[in-house]
Amino acid sequence: MDIQALHDYTLTIIKEAGERIRRSFFETMEIETKSNANDLVTNIDKEIEAFIVKKIHAYDTSFRILGEEGMAHEQITSLEGVVWMVDPIDGTMNFVRQRRNFAISIAIYEDGVGRAGYIYDVVADELYYAIAGNGAFMNGQRLSKLEPIALNKSIVGINAVWATPNRKIEHEGVIRLFRQLRGTRSLGSATLEIMAVATGRIDSYISLRLSPWDIAAGIIIAAEVGAVASTLALQPVNLLAQDTFIIANPSIHREIVEQYVTLK
């Protein structure tokens with residue numbers, strides 16, 4: 001696989017997809033719910049994923065695609081060969097309500113190894129990308145390696161609901177974490193929160209329920225600046241099923257999990 005040629009091709013795909021989304025702001029949107037009332041999908045999500053799938057298969061029909069909306073009509077049960085992971089609009093609620101704070105995410109894996117990742121903040125026109133081993137970039141500017149930071153000076157991206165009684169995590173530990181931090185944030189887009197870690201705008205991002213397409217591109221990009229990703233059980237991230245997730249500056253990653261975040 002010529003990853004440089006594929007990189008150049010992917011940049012054109014994601015930029016064209018972004019322009020299609022911007023044009024959709026002036027069109028009538030069809031909104032449906034999926035697993036619950038807050039899990040939205042629009043006709044634009046489906047159209048953009050279908051466009052990306054068509055472009056990928058135009059390059060090589062042997063490429064397999066795991067997309068959030070299932071427009072490739074494939075069942076992916078292994079990461080053998082070349083697998084693309086696509087989220088046409090990560091942050092659909094933000095797309096519908098705010099018209100900002102959402103992104104396109106594309107990742108390329110070969111035999112389970114991340115080769116390249118792309119996250120495009122469409123409204124801000126900020127394109128983050130990395131070819132594994134060659135550094136991470138935003139609009140052509142190389143991202144700096146992360147500097148060590150103490151937990152009491154850190155900002156963590158997390159939904160505040162996890163500090164209330166729930167069936168997934170010991171909320172008292174999350175409350176103790178909050179008291180140690182400089183602050184918390186919640187954007188409502190996993191891909192953009194991972195990029196906030198990669199750029200040092202926040203120092204960790206934690207979620208109790210993410211799918212492969214939410215994290216596949218981000219972990220490739222963020223690894224290039226030294227960020228560490230895992231499940232909340234300190235296991236490798238799951239790229240075939242929904243799982244817990246944390247990504248952090250390496251100086252606080254293990255401390256957060258071992259001292260403050262306990263799964264039930």
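These notebook entries record what I looked up in one predicted model.

**Ground rules**

I number residues from 1 along each chain as its sequence is written, and I leave hydrogens and water out, since side-chain values use heavy atoms. As the model is predicted, local features need pLDDT of at least 70 and side-chain atom pairs count only at pLDDT 80 or more, while totals for chains, interfaces and linings use all residues.

**Entry 1**

I took helices (H or I, at least four residues) and strands (E, at least two) as DSSP runs, numbered from the N terminus. Two packed helices are described by the angle between their axes and the distance between the axes. Axes are lines fitted to C-alpha atoms, for helices over the stretch in contact, and angles run from 0 to 180 degrees between N-to-C directions.

I looked up helix α1 (residues 3-24) and helix α2 (residues 43-59), whose axes come within 10 Å and cross at roughly 155°. That crossing makes α1 roughly antiparallel to α2; angles under 35 degrees count as roughly parallel, over 145 as roughly antiparallel, 65 to 115 as roughly perpendicular and the rest as oblique.

I then listed the residues in contact (heavy atoms within 4.5 Å). On the α1 side they include Ala5, Leu6, Tyr9 and Ile13, and on the α2 side they include Ile44, Ile48, Phe51 and Ile52. By class, I found twelve nonpolar, one polar and three charged residues in the contact of α1 with α2. Here Ala, Val, Leu, Ile, Met, Phe, Trp, Tyr, Cys and Pro count as nonpolar, Asp, Glu, Lys and Arg as charged, and the others, Gly among them, as polar.

**Entry 1: helices α5 and α6**

I next examined helix α5 (residues 190-198) and helix α6 (residues 212-223), whose axes come within 9 Å and cross at roughly 10°. The two helices α5 and α6 are therefore roughly parallel to each other. In α5, Ala190, Thr191, Ile194, Met195 and Ala198 meet Asp214, Ile215, Gly218, Ile219, Ile221 and Ala222 of α6. I sorted the residues of this contact of α5 with α6 into eight nonpolar, two polar and one charged.

**Entry 2: Asp45 and Thr92**

I found Asp45 in helix α2 and Thr92 in helix α3 (residues 92-97). Asp45 is buried, with a relative accessible area of 0%; buried means under 20% relative accessible area, exposed over 50%, partly exposed in between (1.4 Å probe, protein chains only). Thr92 is buried too, at 9%.

A polar contact of 2.9 Å joins the side chains of Asp45 and Thr92. Such a contact is a pair of N or O atoms within 3.5 Å; within protein, one must be able to donate a hydrogen and the other to accept it, and residues adjacent in sequence count only if both atoms are side-chain atoms. I also noted a polar atom of the Thr92 side chain 3.2 Å from the backbone oxygen of Ile89. Not counting residues up to four places away in sequence, Asp45 touches Glu69, Pro88, Ile89 and Thr92.

I located Ser207 in strand β12 (residues 204-210). Ser207 counts as buried, at 10% relative accessibility, and its side chain reaches the backbone nitrogen of Arg209 at 3.3 Å. Neighbours within four places in sequence aside, Ser207 is in contact with Leu232, Thr244 and Phe245.

I placed Leu263 in the segment after α7 (253-259); Leu263 is partly exposed, with a relative accessible area of 33%. With neighbours within four places again left aside, the contacts of Leu263 include Leu232 and Thr244.
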